[in-house]
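Student: I would like to learn how to read the features of a structure one by one. Could we go through them together?
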Amino acid sequence: MSTLDMPARNGFSLLKRAALVFALLAPTAAWAAESTAVTSPRVTATLLSSRDAVAPGERFHLALAQKITAGWHTYWRNPGDSGEPTKIDWQLPEGATAGPIQWPAPKAIAFEPLVNFGFDGTVLLPVEISVPAEAKPGERFAITAKATWLVCEKICIPEEGVLSLDLPIATEPVIDSAAQARIERTLAGLPQEAPFRAKLTANGPDKMTLAIPELPAGISELRYFPLSDTLIEHAAAQQVEGGTLTLARSSAFRIAEPSVEGVITYSQGGTKRALSLSADVAPDLLAQASAPPAPPPVVTLPAPPAEDLTIWVALAFAFAGGLILNLMPCVLPVLFIKALGFAQAAQASRSEVRVHGLLFLAGVVGTFMVLAGLAIALGAGWGFQLQSPPLVILLAVLMSLIGFNLLGAFEIGGKVQGIGDGLASRGGPVGAFMTGALAVVVATPCTAPFMGAAMGYALTQPPAAALSIFLALALGFALPVVALSFAPGLQRLLPKPGPWMVVLKQGFAFPMFATAIWLVWVATMQTGANGALAALIAILVAGFAVWLLGVTRRRGAALRVVAAGLAALFVTTTAAFVIESAVPPKQAPASAGASDVWSPERVAELQAQGKPVFVNFTAAWCITCLANERVALSRQDVKDAFAALGVTYLKADWTNRNAAIAAALAEHGRAGVPLYLVYPGSKGAQAEVLPQLLTVDIIVRAAERAAGREVQTARNP
């Protein structure tokens, strides 16, 4: 090899080395210290790394950077009166770990009448990442962060993004100086641990004093941000006097530990500063916060807060609600019976028809007054008797017997016939009265428009006023039958009696059987399989007892006495079994099946997270509730709208007695179900009360109002 070739070879060797270095550095440019941005009209989010390459065993910082559009804000770890903090779900290589978000000091952001704690402009949320010592140079350190945040202006919108970085692993870390400088400025500005401890003491029944020692002189704009959202009223003014702050206690005041953590911010010489502050809780204040809750008070029904009814408006609502109640499906089977009785009596004297109408009215009014008196005395609501499984089973037995009687399966005489056969088909005087009474009992599962407000108002009034409202409800309910009995022109519209009536009578048996099946289902919902078994046995025994009395009706007196004794024994034994097997727990939980379970605490929790809430107060025995669920709540358009708007669906099941549900109904001026509430996703915001009869459009529009935005569904393409 000539000496002339040496420089050429050396130059070529240097060129190869340079190309290799460039090849190693070129990917580093692609593996930039900042991820691809996730952008919305409100927030641009990126994942920022202080390293271009990481080394085995080292710790370094990443930061979720949020550039927030003017007028909008995201949230601190305690979001204040509403909102939800930013969260990051990390996916890291095996052995790597991510620390918690290192939160900068927040700002108090007024959102009348609330105050939120959060950030505007640009904010970095640093997180320390640990690289495992076993990491091998030359391999990749892939980082994926799924971030979720809530961004709010006048409305709040949940957003999310998946941010990725793919950093090389090297023997020595490669620092990205620009990203490192940004992250270090954020770390330097984080609240520093205070070199002293504060003390939190009680100051009257609804205030506290936070004593902060060793604060520098000449500071201004002092504010306390607790980590707990159950400590102070965030929107209340914080009065500063020397080194103490006077704070308003939260309406949900609770302290779990003898010390509380938080951040104080202040201005000193025009510079914003922040300290991480621990405060010891005075023993008397801690005792107040940790005292066991008082036993649930007796549920009383306050006046409706929003309806502002007067007695005259309530009377009008009650009368109109009673009139409309005749059209509800739970009443129709019994009214079928009365219609048949009128058709049979159409050829009788007008005076007899009028007497039947008045007796029906007496049955309606008498039963309404009994139920009203019990509701007032017990503090219960409309339909309370159907919260008793034994009574539900008794009604199922009665409906089954009426159905079999209409089919002609049995016929018994004497007084029993006057109630049974007269009620079912003959329309006699006793039957007219009992038809009215039975119509009221089976009407309780339904709540017609206007009824809810009227009855909620009634149960807040003195007994005389309350009974007058129930009387108006009874008169409205009885009006169509009474009008028919006193109007000859209407009677002439009824067809003349004939063979068709036998067929019609038998046909009316099937609505009775349908009602009985539904009542057995209600008993099952209340007490489980025991309720269904008790109901079926009760129907079997009742049918056997009636058959036994019927087949011995024309036998000797001794045989009739034996039959009556056996029937009484069977019925008494079965009644004892039903009562033992079909009594629910004293305080049944507010079960919800597949949906989330309602509780006041759950609503408050979701609102604090910025989530709208739909609450369905319902019961298995409430026909109106079930109809709304079939017609509207179970529709796919509603489910899609709730999913798109982030609405949480809660169900409060009042099938069995539940004091918390009764109190919530009373709070909204209701004496029974259904009740539908839609809460905005703001802490403490009041609910919108929806009508008692729902449509898809009503629900979706209310959800849009609660979420502060519209949604695209099949209903609204």
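Tutor: Let us start with the nonpolar patch, to which H16 gives the most, with 5 residues. Helices here are DSSP runs of H or I with at least four residues, and strands are runs of E with at least two, numbered from the N terminus. This is a predicted model, in which local features need pLDDT of at least 70 and side-chain atom pairs count only at pLDDT 80 or more, while totals for chains, interfaces and linings use all residues. Residues are numbered from 1 along each chain as its sequence is written, and side-chain values use heavy atoms, with hydrogens and water left out.

Student: Which residues make the nonpolar surface patch?
Tutor: Phe544, Trp547, Val551, Leu559, Val562, Leu566, Leu569 and Phe570 make a patch of about 710 Å² (residues with over 30% relative accessible area and no salt bridge, the nonpolar side chains of Val, Leu, Ile, Met, Phe, Trp and Tyr being joined within 5 Å and like charges within 9 Å; areas by the Shrake-Rupley method with a 1.4 Å probe, only the protein chains shown counting as cover for residues). The elements that give two or more residues to this patch are H15 and helix H16 (557-581).

Student: Is tryptophan 547 buried, partly exposed or exposed?
Tutor: Tryptophan 547, whose place is in helix H15, is partly exposed with a relative accessible area of 46%, where buried means under 20%, exposed over 50% and partly exposed in between (1.4 Å probe, protein chains only). In H15, by contrast, the buried residues include Gly531, Ala535, Ala542 and Leu548.

Student: How many salt bridges does the structure hold?
Tutor: The structure holds 13 salt bridges, each a side-chain nitrogen of Lys or Arg within 4 Å of a carboxyl oxygen of Asp or Glu. In one of them arginine 42 pairs with glutamate 159, the closest N and O atoms being 2.7 Å apart. This pair links distant parts of the chain, with arginine 42 in the loop between strand E1 (38-39) and strand E2 (43-49) and glutamate 159 in strand E12 (residues 156-168), 117 residues apart. Both arginine 42 and glutamate 159 are buried.

Student: Where do glutamate 128 and arginine 59 lie?
Tutor: The side chains of these two residues meet in a salt bridge (3.4 Å, N to O). Glutamate 128 lies in strand E10 (residues 122-130) and arginine 59 in strand E4, so their pair ties together parts that are 69 residues apart in sequence. Glutamate 128 is partly exposed, at 28% relative accessible area, whereas arginine 59 is exposed, at 54%.

Student: Which residues are linked with Arg701 in a network of salt bridges?
Tutor: Asp697 and Glu704 are linked with Arg701 in that network, and the side chains of arginine 701 and glutamate 704 meet at 3.1 Å, N to O. Because arginine 701 and glutamate 704 are 3 residues apart in helix H21 (residues 696-707), they are separated by about one helical turn.

Student: How many aromatic pairs are there?
Tutor: There are 11 aromatic pairs, in which rings of Phe, Tyr and Trp (its six-membered ring) have centres within 6.5 Å, with planes under 30 degrees apart counted as stacked, over 60 as edge-to-face and the rest as tilted.
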